[in-house]
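Thanks for coming, everyone. Let me put the structure up on the screen, and then we can walk through one part of it together.

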Amino acid sequence: MDSEGPFVGWVERDQTSASSPDQPAGEILIRLNGKDRKVRPGTTIAGLLADLGVSRDRVAVEVEREIVRRAHWEGTQLTPGVSVEVVHFVGGG
């Protein structure tokens with residue numbers, strides 16, 4: 001039997017060890033409208049929109065190519081590497 005035990009190659013990580021040298025602890029990297037953006041861990045869709053100064057009235061949000069209903073914006077936390085698209089509706093005619 002290997003002296004390293006059953007978890008060879010597995011390392012338990014806490015949130016601070018998950019950051020890379022280019023990404024300070026306390027931030028995660030997401031993809032927002034095709035560009036990298038750093039946000040705080042635990043940021044929700046609602047929090048992201050507030051940070052961006054985006055009015056929630058005429059906007060749709062897609063996470064990993066799936067539309068997220070407004071009712072779920074407060075409870076949907078963004079995770080590292082997630083792809084988010086924020087689309088503004090424009091009126092006219």
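Leaving aside its neighbours within four places in sequence, which residues is Thr44 in contact with? Before I answer, note that this is a predicted model, in which local features need pLDDT of at least 70, side-chain atom pairs count only at pLDDT 80 or more, and totals for chains, interfaces and linings use all residues. Residues are numbered from 1 along each chain as its sequence is written, and side-chain values use heavy atoms, with hydrogens and water left out.

Taking contact to mean heavy atoms within 4.5 Å, Thr44 touches Trp73, Glu74, Thr76, Gln77 and Leu78, with those sequence neighbours set aside. Thr44 sits in the loop between β2 (35–39) and α1 (45–52), where helices (H or I, at least four residues) and strands (E, at least two) are DSSP runs numbered from the N terminus. Thr44 is buried, at a relative accessible area of 15%, buried being under 20% with a 1.4 Å probe and protein chains only.

Moving into α1, we find Ile45, Ala46, Leu48 and Leu49 buried. Viewed down the helix axis, the buried residues of α1 fall within an arc of 160°, so they line one face of the helix; the arc is that of the directions from the helix axis to the C-beta atoms. These buried residues pack against β1 (28–32), β2, β3 (59–63), β4 (66–68) and β5 (83–88). Ile45, again leaving aside neighbours within four places in sequence, is in contact with Val61, Val63, Val68, Trp73, Thr76 and Leu78. Finally, just after α1, Gly53 takes a positive phi of about 70°.

Technical notes. Buried < 20%, exposed > 50% of the residue type's maximum accessible area, 1.4 Å probe, protein only.
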